[in-house]
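Please read it alongside the sequence and the coordinates shown here.

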Amino acid sequence: MTTLPETPIQLTIERLGQLGEGVASWQGRTVFVPGAFPGDTVRVHLEAQGRVLRGLLRQVVSPGPDRREEPCPWAGECGGCDWLGLKEPAQRAAKQEIVLSTLEHLGHLPRESFTVRPLLVAPRDWGYRRRAVLHPTGKGTLGYFGRRSHERVPVSECGALTPVLTALPGKLAPLLKPLAKDTEEVLLLAEGEKAAFAVNLSGSVTARHLEAAEAAVRALRLEGAVLVPKEGSPRVLGKPALRSYSPLRPEVPLYLRPDAFAQAHAEANVGLVTAAVYELGARDEDSVLELYSGNGNFTFPLAAGSASVLGVESSPVGVELAQRSAREGGVGNVRFIQGDARKACDGLVAEGRKFDVCLADPPRAGAPGLAKWMTALGVRRVVYVACDPASLARDAAGLVEAGYKPLALQVVDMFPQTHHVEAVMSFERGS
């Protein structure tokens with residue numbers, strides 16, 4: 001086994017890896033260097049983490065052509081925006097390449113085997129995030145996790161957030177001190193000029209928690225808050241369900257709540273939904289199965305061009321919000337099942353149900369077993385919305401093995417200044 005040098009060594013970064021780190025070579029081995037970008041010459045301290053070799057960045061000897069000054073005082077420590085030091089055109093090119101190369105190497109799907117659409121660029125590169133997850137630091141402040149660690153970096157303001165949220169971390173922290181020792185996470189959410197927050201607690205909700213949260217809502221003129229106990233139902237204060245509108249269907253309200261998932265970039269989300277609906281190509285007579293349907297982000301645009309949509313979502317809050325949207329928007333051709341997607345699909349198969357097309361928007365872990373369900377449910381076309389290239393590649397390989405042909409890939413830059421990316425990929429069953 002090679003002995004690693006005790007003093008820093010010099011490397012040149014060749015490309016970016018799937019997790020956003022710079023990639024270099026040393027004695028025939030791959031070295032991952034967080035915070036480094038292609039073309040950088042860097043000095044790093046080598047460290048073995050299992051079978052992976054990482055370089056801890058000590059100095060940028062000479063910057064690559066796409067490196068820039070990071071416009072944030074916490075950029076060196078905070079794990080939130082890991083590509084702030086990389087110019088936007090280089091970020092976009094890297095995201096497209098990361099998704100394509102992951103599909104090739106992990107999913108064994110050559111890029112020539114499907115249509116690759118031009119990357120959808122986010123309308124705003126900064127100040128766009130309408131949701132955030134903060135953690136108590138133990139010092140009466142709130143912050144983000146550090147780079148590749150669970151160390152907490154105190155943050156009073158965050159320029160990545162929408163204007164109504166930018167200064168909220170610093171303003172909210174002292175008001176939530178009575179909850180601090182029982183707090184696991186603080187979730188921020190904005191829609192336009194309105195904002196709300198949720199607190200995930202390590203135990204049950206107490207009168208002291210309620211009093212502090214109510215005082216914070218009043219003092220900061222927020223719409224409301226949600227206190228989420230470890231077990232049991234959330235406690236809702238004020239009106240934390242923020243009213244937005246359904247992409248492509250502004251006549252249908254879409255409700256967001258801080259304790260439920262919502263896409264972070266409101267404007268880019270419109271592009272994401274448009275791409276998914278286009279790739280699915282549902283016909284007026286088609287029945288649509290939507291897995292991981294959330295608050296109905298894709299549901300109502302899908303319902304406009306199909307006979308019916310059945311949404312499956314594990315979050316009770318997500319289903320509650322989607323049902324409210326359907327009711328208030330007068331959308332009668334949608335139905336929701338609250339439950340685990342795997343169990344729901346098994347149940348649908350047992351009932352002998354059939355669907356024409358399916359849209360799946362799974363969490364980061366992907367949708368293992370998707371191909372089996374699609375085949376059993378007679379699905380003609382599948383659109384997979386992915387927030388993780390590796391999960392997309394694994395599930396895409398399963399679909400291809402089951403007889404589905406990859407049609408097209410649309411990469412969407414939902415998260416500027418980070419390595420995170422969304423992708424929409426379509427598949428059709430062979431005849």
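A cavity, in the sense used here, is a set of grid points where a 1.4 Å probe fits but cannot get out, and its volume is the space filled by probe spheres set on those points. The model is predicted, and a search of the whole structure finds one cavity of 30 Å³ or more. The points below begin with that cavity and then turn to a pocket, the nonpolar cores, the aromatic rings and some individual residues.

**Cavity**
- About 40 Å³ of space lies in the largest cavity, and its lining is made up of Arg131, Ala132, Leu187, Leu188, Leu189, Arg257, Pro258 and Ala260.
- Two elements, strand E8 (131-136) and strand E11 (183-191), each give two or more residues to this lining, and E11 supplies the largest share of it, with three residues.

**Second largest pocket**
- The second largest pocket holds about 460 Å³ of space, and of the 20 residues that line it, Pro34, Gly76, Glu77, Arg147 and Arg148 are the closest to its centre.
- Strand E5 (41-49), strand E6 (52-62) and strand E10 (152-154) are the elements that give two or more residues to the lining of this pocket, with the largest share, five residues, coming from E6.

**Nonpolar cores**
- In soluble globular proteins, nonpolar side chains tend to be buried together.
- The largest nonpolar core of this model has 39 residues, of which Leu289, Leu291, Leu370, Met374 and Leu409 touch the most other members.
- When residues up to four places away in sequence are not counted, Leu370 touches Leu291, Ala360, Val382, Tyr384 and Leu399.

**Aromatic rings**
- One aromatic pair is found in a search of the whole structure.
- The ring of Tyr255 has the charged end of Arg324 sitting over it, 3.8 Å from the ring centre.

- Pro247 lies in the loop between strand E15 (242-246) and strand E16 (249-256), and it counts as buried because its relative accessibility is 3%, under the cut-off of 20%.
- Apart from neighbours within four places in sequence, the residues in contact with Pro247 are Leu254, Asn269, Val270, Val273, Asn297 and Pro301.
- Pro247 and Ala216 are 31 residues apart along the chain, and their C-alpha atoms are separated by 32 Å.
- Ala304, by contrast, belongs to helix H5 (residues 299-304) and is exposed because its relative accessible area is 52%, over the cut-off of 50%.
- Between Ala304 and Ala282, which are 22 residues apart in sequence, the distance in space is 9.7 Å from C-alpha to C-alpha.

**Positive phi angles**
- Most residues other than glycine have a negative phi.
- Arg221 is not a glycine, yet its phi is positive, at about 55 degrees, and this residue lies in the loop between helix H3 (207-220) and strand E13 (224-228).
- Arg221 also counts as exposed, because its relative accessibility is 76%, which is over the 50% cut-off.
- Tyr292 is another residue other than glycine with a positive phi, near 60 degrees, and its place is in the loop between strand E17 (287-291) and H5.

Terms used:
Residues numbered from 1 in each chain as written. Predicted model: local features only at pLDDT ≥ 70, side-chain atom pairs only at ≥ 80, totals over all residues. Heavy atoms only, no water. Core = buried A, V, L, I, M, F, W, Y, C linked by side-chain atoms within 4.5 Å. Buried < 20%, exposed > 50% of the residue type's maximum accessible area, 1.4 Å probe, protein only. Contact = heavy atoms within 4.5 Å. Phe/Tyr/Trp six-rings, centres within 6.5 Å; stacked < 30°, edge-to-face > 60°. Lys NZ or Arg CZ within 6 Å of the ring centre and 35° of its normal. 1 Å grid on protein atoms, 1.4 Å probe; cavity = no way out; pocket = protein on both sides within 12 Å on 5 of 7 lines; lining within 4 Å. Helix = DSSP H or I, 4+ residues; strand = E, 2+ residues; numbered from the N terminus.
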